[in-house]
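Visitor: Before we start, show me the model, and then I will ask where its labels come from.

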Amino acid sequence: MGEKIIPLADHRYAAAVPAVPSRLTAPTGLLADRLGRPLHDLRISVTDRCNFRCSYCMPKEVFDKNYAFLPHASLLSFEEITRLARLFVAHGVEKLRLTGGEPLLRKNLETLIGMLSALRTPDGRALDLTLTTNGSLLARKAAALKAAGLQRVTVSLDALDDTIFRRMNDVDFPVAEVLEGIDEARRVGLGPIKVNMVVKRGTNDHEIVPMARFFREQFDGQVVLRFIEYMDVGATNGWRMDEVLPSAEVVQRLQAAFPLEPLEPNAVGETAQRWRYADGAGEVGVISSVTQAFCRDCNRARLSTEGKLFLCLFAERGHDLRALLRGGWDDAQIATAMADIWQGRGDRYSELRGQQAAESGSGQRRVEMHYIGG
Ligand code: SAM
Ligand code: SF4
Ligand code: SF4
């Protein structure tokens with residue numbers, strides 16, 4: 001019998017093992033990258049698996065039964081995630097977002113949430129601890145997530161029309177169950193809840209106004225809907241600019257149905273532009289990741305499922321922090337290496353998108369969204 005060849009899923013993305021400087025520096029909480037941007041927000045991918053196959057993220061043709069997801073031993077353990085999160089917090093991170101893949105597929109996620117919710121900023125404040133989910137398991141899990149210390153959730157939902165929603169998740173999942181999940185999350189106090197809709201021209205753009213109307217009316221303005229421009233993440237989604245509906249057009253369509261007034265950003269580096277319904281029915285937002293780059297204030301780092309640190313959603317390679325964790329380095333050494341990585345960051349892909357596309361064509365190797373999370 002021939003030997004079974006197990007593909008090394010673990011090595012599918014390039015990563016460098018960070019150098020550990022011999023002179024250690026204690027975290028000050030005030031790191032800045034080469035463009036002066038602080039480190040404030042960490043997105044942690046807890047699994048590369050998902051029960052949906054959204055064509056813009058994990059198209060069925062690529063992510064089929066032969067696709068080699070990461071083996072369990074490659075994943076960071078909860079202890080490893082928490083240890084790194086603690087070091088990130090010492091460097092100034094105040095917001096943690098769990099993502100994936102579908103984070104609610106990670107077994108015993110509540111245990112991790114409990115561990116992360118116990119972390120405190122250097123001056124003793126609790127962190128902003130949140131999670132992005134497709135909502136499919138939320139009705140079942142919301143109460144346990146809340147009890148474990150999760151503060152709020154963001155739910156992805158691309159259509160209210162059941163036929164369109166089933167087609168977009170491509171696993172025939174009914175929209176009613178996601179809506180139940182949102183309702184349950186609200187009931188147990190996982191708010192303020194955000195709902196993210198990725199808009200693809202010709203696929204779900206006619207759902208913009210019905211989605212806005214629904215979330216204005218159903219949840220007393222307590223759920224904030226945000227429209228996201230379809231992005232050229234990864235290399236598998238066959239992205240085309242003509243399928244992007246610019247946020248400016250989303251706002252125009254909304255304005256025609258419900259008058260809007262602009263709102264100030266909540267925080268520096270916030271990705272969404274916020275609007276308020278003039279009649280007082282709450283808030284709505286647009287995230288213009290393609291047409292209006294927000295790299296200048298980008299204070300987000302991403303930790304992949306297997307512990308690689310990515311400095312940009314569009315980075316071509318990560319920094320292998322797991323190698324340091326499992327290589328016996330101590331906290332002070334890893335923290336110094338992390339500081340060096342952030343201080344060397346100059347990423348601003350979205351700002352350079354036009355120029356890069358012209359220079360490097362479409363064959364560029366980029367990390368997939370389900371692997372580092374949104
Ligand atoms: N599975 C969870 C979910 O869907 O919410 C969390 C992970 S998912 C990768 C995080 C977010 O990225 C989702 O809101 C999803 O809609 C968004 N996303 C994925 N691919 C995208 C793309 N090509 N353009 C814009 N947003 C995308
Ligand atoms: Fe899964 Fe989220 Fe990607 Fe859809 S966007 S395939 S739900 S990870
Ligand atoms: Fe941040 Fe990279 Fe997105 Fe720019 S392209 S906003 S640097 S993640």
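Visitor: What does Ser247 touch, not counting residues up to four places away in sequence?

Guide: Ser247 touches Glu229, Val286, Ile287, Ser288 and Thr291, where contact means heavy atoms within 4.5 Å. The model is predicted, with local features needing pLDDT of at least 70, side-chain atom pairs counting only at pLDDT 80 or more, and totals for chains, interfaces and linings using all residues. Residues are numbered from 1 along each chain as its sequence is written, chains are lettered from A and ligands numbered from 1 in the order in which they are written, and side-chain values use heavy atoms, with hydrogens and water left out.

Visitor: Why is Ser247 called buried?

Guide: Its relative accessible area is 4%, and buried means under 20%, exposed over 50% and partly exposed in between, with a 1.4 Å probe and protein chains only. Therefore Ser247 counts as buried. Ser247 is found in helix 7, residues 247–257; helices are DSSP runs of H or I with at least four residues, strands are E runs of at least two, and both are numbered from the N terminus.

Visitor: What makes helix 3 roughly parallel to helix 5?

Guide: Helix 3 (residues 138–148) and helix 5 (residues 175–188) pack at an angle of about 20°, with their axes 8 Å apart. Angles under 35 degrees count as roughly parallel, over 145 as roughly antiparallel, 65 to 115 as roughly perpendicular and the rest as oblique, so this pair is roughly parallel. On the helix 3 side, the contact is made by Leu138, Ala139, Ala142, Ala143 and Lys146. Helix 5 gives Glu180, Gly181, Ile182, Glu184, Ala185 and Val188.

Visitor: Why is helix 2 also called roughly parallel to helix 3?

Guide: Helix 2 (residues 109–117) packs with helix 3 at an angle of about 25°, the axes being 8 Å apart. That angle makes helix 2 roughly parallel to helix 3. The contact is made by Leu109, Glu110, Ile113, Gly114 and Ser117 of helix 2, with Lys141, Ala144, Leu145 and Ala148 of helix 3.

Visitor: Which residues are around ligand 2, and how do they divide by class?

Guide: Cys50, Phe52, Cys54, Tyr56, Cys57, Met58, Gly101 and Asn134 are around ligand 2, each with a heavy atom within 4 Å of it. The shell has 6 nonpolar, 2 polar and no charged residues. Ala, Val, Leu, Ile, Met, Phe, Trp, Tyr, Cys and Pro count as nonpolar, Asp, Glu, Lys and Arg as charged, and the others, Gly among them, as polar.

Visitor: What is the division around ligand 3?

Guide: That shell divides into 7 nonpolar, 1 polar and 4 charged residues. Among the residues surrounding ligand 3 are Arg300, Arg302, Asp347 and Arg348.

Note on methods. Axes are lines fitted to C-alpha atoms, for helices over the stretch in contact, and angles run from 0 to 180 degrees between N-to-C directions.
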